[in-house]
Amino acid sequence: MVAIDYQIAYMEVLEILKHIPVNDYRKIPEERLRLFEKYAKKDIDFHYNVSQTLDEQNVSEKAKILIAILFRDYWANDEQRQKILASEKTYKTKIEEEKRKKYNPDNIFIQTNQKSKIDTNIAQNNVSMIEYKESILKKIINKLKSIFHKN
């Protein structure tokens, strides 16, 4: 089952593709178009206005990404494609570096030890001694027990 946000994006992309030149439309493989048509949400009322940008028409982010992928794969010339691929590679590298910093195994153990030390300090600060006071009745009973046990 395809997620609803992708179904909406497929419908938006199909509507946008109705407004591109025929020679660009033919560059898209049939199986890709059939995939869009198969999973598109049919009950959405979306109309593309050529005079407005995608942002002005509240096109979903997933639809924008799909259009960008179509441009990269089918409409861009070699120079544009290389620039796009280089920027994607830079972006992926940046994300991987951030993940490496965040999930570095050495740092994970250090952070865990620091957290456990903090947790034990908090637990020690929260524990306080409670003075136990015997009730008067309990004192009398204990006194009577001690008197009878001596005899």
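**Entry 1**

Accessible areas come from the Shrake-Rupley method with a 1.4 Å probe, and for residues only the protein chains shown count as cover.

I note that the model is predicted: local features need pLDDT of at least 70, side-chain atom pairs count only at pLDDT 80 or more, and totals for chains, interfaces and linings use all residues. Residues are numbered from 1 along each chain as its sequence is written, and side-chain values use heavy atoms, with hydrogens and water left out.

I placed Ile 136 in helix H7, residues 136–150. Ile 136 is exposed, at a relative accessible area of 66%; the classes are buried under 20%, exposed over 50%, and partly exposed in between.

**Entry 2. Whole chain**

I counted 7 helices and 0 strands, taken as DSSP runs (H or I, at least four residues; E, at least two) numbered from the N terminus. Of the 151 residues, 18% count as buried. The accessible surface comes to about 12600 Å², of which 56% belongs to carbon and sulfur atoms.

**Entry 3. Core**

I then looked up the largest nonpolar core, which has 20 residues; Val 13, Leu 17, Phe 36 and Leu 70 have the most contacts inside it. A core is a set of buried Ala, Val, Leu, Ile, Met, Phe, Trp, Tyr and Cys residues joined through side-chain atoms within 4.5 Å. Helices H1 (4–17), H3 (30–39) and H4 (61–75) each give two or more residues to this core, and H1 supplies the largest share, 7 residues.

Setting aside neighbours within four places in sequence, I found Leu 70 in contact (heavy atoms within 4.5 Å) with Val 13, Leu 17, Ile 28, Arg 32, Phe 36 and Trp 75.

**Entry 4. Helix H4**

I checked the 15 residues of H4, which reach 20 Å from first C-alpha to last, close to the 21 Å expected at 1.5 Å a residue; the expected span is 1.5 Å times one less than the number of residues. Its buried residues are Ala 63, Lys 64, Leu 66, Ile 67, Leu 70, Arg 72 and Trp 75. Their cover includes H1, H2 (22–26), H3 and H5 (78–102).

Notes:
Buried means under 20% relative accessible area, exposed over 50%, partly exposed in between (1.4 Å probe, protein chains only).
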